[in-house]
Amino acid sequence: VQERFGNQSFRMERKTIDLEQGWDYMQTGITKLKRILEGLPEPQFDSEQYMMLYTTIYNMCTQKPPHDYSQQLYDKYREAFEEYINSTVLPALKEKHDEYMLRELVKRWSNHKVMVRWLSRFFYYLDRYFIARRSLPPLNEVGLTCFRDRVYNELHSKVKDAVIALVDKEREGEQIDRALLKNVLDIYVEIGMGQMERYEADFESFMLLDSASYYSRKASSWIQEDSCPDYMLKSEECLKKERERVAHYLHSSSEPKLVEKVQHELLVVYANQLLEKEHSGCRALLRDDKVDDLSRMYRLYHKIAKGLEPVANIFKQHVTAEGNALVQQAEDTATNQAANIASVQEQVLIRKVIELHDKYMVYVVECFQSHTLFHKALKEAFEIFCNKTVAGSSSAELLATFCDNILKKGGSEKLSDEAIEDTLEKVVKLLAYISDKDLFAEFYRKKLARRLLFDRSANDDHERSILTKLKQQCGGQFTSKMEGMVTDLTLARENQTSFEEYLGNNPAANPGIDLTVTVLTTGFWPSYKSFDINLPSEMVKCVEVFKGFYETKTKHRKLTWIYSLGTCHLNGKFDHKPIELVVSTYQAAVLLLFNTTDKLSYNDILTQLNLSHEDLVRLLHSLSCARYKILTKEPSTKTVSQTDSFEFNAKFTDRMRRIKIPLPPVDERKKVVEDVDKDRRYAIDAAIVRIMKSRKVLGHQQLVSECVEQLSRMFKPDIKAIKKRMEDLITRDYLERDKENPNMFRYLA
């Protein structure tokens with residue numbers, strides 16, 4: 001077989017194709033492609049035609065030099081596009097204008113991409129070998145570059161103007177072909193071949209300028225004609241439509257830039273004019289409770305850098321003005337009314353301040369989405385008017401009195417358990433705005449003591465509940481004494497039960513009087529005036545019996561008797577009928593003197609009881625000059641003097657079988673303020689020593705500011721007071737001034 005056929009039967013010599021001949025054949029294919037693109041009657045390529053065109057290029061590129069026409073074919077590939085563009089595409093585009101030009105451009109760009117796809121298939125062999133080896137631009141890129149250089153660069157400015165004109169028409173409410181604009185703008189993106197710079201430089205920058213100009217014109221007329229709510233509605237609608245515009249035909253990267261431009265022209269440029277509009281601006285919206293419009297204002301301005309600051313500032317001013325008005329109203333009422341009505345008005349003030357806080361907290365949470373700026377504005381506004389005094393009462397005292405009214409039996413606030421809990425929660429929130437928290441604590445402690453000691457507390461659970469809330473708000477140190485007081489009362493009840501059992505087991509010790517003793521821990525309770533009164537013998541026996549009992553329990557504790565807080569039930573045997581008198585221990589001591597004598601002078605009573613003049617005058621006034629005249633006085637005047645004499649009033653009667661004889665009230669305010677000032681001196685001393693212990697050496701100004709910072713959680717320290725305490729600590733050798741620099745302090749270990 002080998003001999004018969006030989007190797008030559010498999011060796012076919014390939015005929016060399018010269019450039020002209022090969023290109024003529026390729027031109028037939030390119031012409032056919034052009035006719036198809038132009039929509040002329042032309043059948044599609046079949047696979048045989050496609051393969052022949054591909055093979056021709058393959059052969060012309062794989063011939064031995066000098067017949068390897070790769071470079072020439074690469075050049076002719078580009079020339080084929082240039083010839084088609086110059087002869088057909090550009091003339092077709094130049095004869096059309098505006099929207100028609102845009103439609104033609106979209107069609108031509110679509111055709112051009114088809115042409116690039118087909119020709120790059122025919123010339124595929126170039127892409128694989130020749131272009132790869134020479135690092136030349138690939139065929140696809142060459143085809144697109146031809147369109148960019150010949151068509152796009154010549155027309156993009158006119159195209160941009162036509163597109164922007166259509167955008168402005170749409171803004172004015174006309175219908176436009178959005179799909180057309182999308183296709184045109186896709187050309188700007190695709191021409192960049194993976195980069196956005198052509199779209200941004202040749203279209204977007206001009207579109208943004210036009211948008212700014214358009215909305216600047218609109219805003220300047222709207223701000224004159226429209227109310228603030230109407231202007232905001234239009235602005236919100238415009239921003240919504242611009243976002244839709246991006247979604248429909250602009251590139252997504254344009255959205256933040258376009259929105260920023262529109263916001264600037266509509267909302268930033270006219271921010272002050274809009275917010276300050278006299279009858280419809282931010283103040284008017286707050287005044288008229290326009291929550292929807294305020295929510296819209298927040299939505300519009302929260303996306304703008306520092307856009308919310310003026311809104312928050314107006315909010316703060318508005319809340320401050322409303323709070324100040326409430327305080328002034330209470331002040332005016334207190335000035336014009338009797339004391340008891342004034343105190344009711346002060347309680348009304350706290351209730352109204354709570355309501356004001358509730359109202360504007362809803363605004364902060366719902367209208368302003370709990371934004372920190374508005375929480376801060378609300379806090380600062382309340383701090384302004386919550387620290388004002390009303391008729392000489394500080395807000396700390398008013399708040400403590402308000403709590404007292406809620407928590408004591410028969411208080412003016414008649415509320416359900418849920419309402420009490422809710423109100424206490426709100427009171428504790430208000431306390432956060434009060435700078436003198438220590439003053440509140442002292443007033444509250446005084447009133448808590450009265451509720452606990454005189455059995456006036458309506459509910460132990462509520463007492464403990466508010467202490468828990470105060471502890472969360474102000475820390476454990478704030479409530480430790482108050483918690484101790486509540487615990488003391490529980491222990492005192494258990495102690496009383498033990499005492500009663502002791503009396504049951506020791507009949508000989510029984511004093512013959514029902515005796516209840518409340519044992520308290522000194523450190524927890526407010527300080528009370530205590531002095532040695534000469535007790536009546538009946539009471540002396542009671543004291544001795546209890547001492548005997550208490551010594552069986554502990555030998556290490558000393559009992560100090562606070563007679564000023566005691567109460568006594570006496571049977572008054574009057575001519576008309578016996579009446580039970582509920583009196584203080586001191587009042588009882590005075591009355592029991594009249595069991596052995598009918599008449600006593602002021603000085604007799606003073607000597608026998610060993611009381612101060614101030615206390616005795618109060619006691620005798622309550623028994624002889626007030627509503628219940630248990631004693632008659634000579635002379636019968638409205639005041640007690642040291643020359644008066646007193647006699648048991650046997651003719652006294654009352655429709656009740658039991659009466660309580662109150663003592664004239666003592667103004668505790670001065671004492672509380674003095675106690676707090678004293679505690680503050682200790683607190684300032686402790687803070688200065690703490691700071692200096694850790695820092696060793698510190699400048700005057702820095703020491704003062706660190707001291708203020710440490711103490712401001714409880715009270716606002718006075719700078720003069722801090723300086724005074726520093727001087728005191730120097731004299732007590734805790735600190736010393738630097739010899740060279742008197743503004744520097746050293747800690748003396």
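These questions and answers go through parts of a predicted model.

Residues are numbered from 1 along each chain as its sequence is written. In this predicted model local features need pLDDT of at least 70 and side-chain atom pairs count only at pLDDT 80 or more, while totals for chains, interfaces and linings use all residues; side-chain values use heavy atoms, with hydrogens and water left out.

Colleague: Is Arg-171 buried or exposed?

Modeller: Arg-171 is found in helix H7, residues 139–171; helices (H or I, at least four residues) and strands (E, at least two) are DSSP runs, numbered from the N terminus. Buried means under 20% relative accessible area, exposed over 50%, and partly exposed in between, with a 1.4 Å probe and protein chains only. The relative accessible area of Arg-171 is 13%, so Arg-171 is buried.

Colleague: Which residue has a side chain joined to that of Arg-171 by a polar contact?

Modeller: A polar contact is a pair of N or O atoms within 3.5 Å; within protein, one must be able to donate a hydrogen and the other to accept it, and residues adjacent in sequence count only if both atoms are side-chain atoms. Not counting residues up to four places away in sequence, Arg-171 touches several residues (contact means heavy atoms within 4.5 Å), including Asp-210, Tyr-214 and Glu-242. The polar contact, of 2.7 Å, is with the side chain of Ser-211.

Colleague: Is Pro-256 buried or exposed?

Modeller: Pro-256 is found in helix H11, residues 254–268. Its relative accessible area is 57%, so Pro-256 is exposed.

Colleague: How many residues lie between E1 and E2 in their hairpin?

Modeller: Strand E1 covers residues 567–573, and E1 pairs with strand E2, residues 578–584, in the antiparallel sense over 7 bridges. Two strands pair if DSSP finds at least two bridges between them. Asn-571 stands opposite Glu-580 in E2. The number of residues between E1 and E2 in the hairpin is 4.

Colleague: Which residues of E1 are on its covered face?

Modeller: In a regular strand the side chains alternate between the two faces of the sheet. The uncovered face of E1 has Thr-567, His-569, Asn-571 and Lys-573, and the covered face has Cys-568, Leu-570 and Gly-572.

Colleague: In E5, which residue is the bridge partner of Leu-631?

Modeller: Strand E4, residues 631–634, pairs with E5 in the antiparallel sense over 4 bridges. Strand E3 (residues 599–601) pairs with strand E5 (residues 645–648) in the antiparallel sense over 3 bridges. In E5, the bridge partner of Leu-600 is Phe-646, and that of Leu-631 is Phe-648.

Colleague: At roughly what angle do the axes of H10 and H14 cross?

Modeller: Axes are lines fitted to C-alpha atoms, for helices over the stretch in contact, and angles run from 0 to 180 degrees between N-to-C directions. Angles under 35 degrees count as roughly parallel, over 145 as roughly antiparallel, 65 to 115 as roughly perpendicular and the rest as oblique. The axes of helix H10 (residues 228–248) and helix H14 (residues 291–301) come within 10 Å and cross at roughly 45 degrees. That makes H10 oblique to H14, at roughly 45 degrees.
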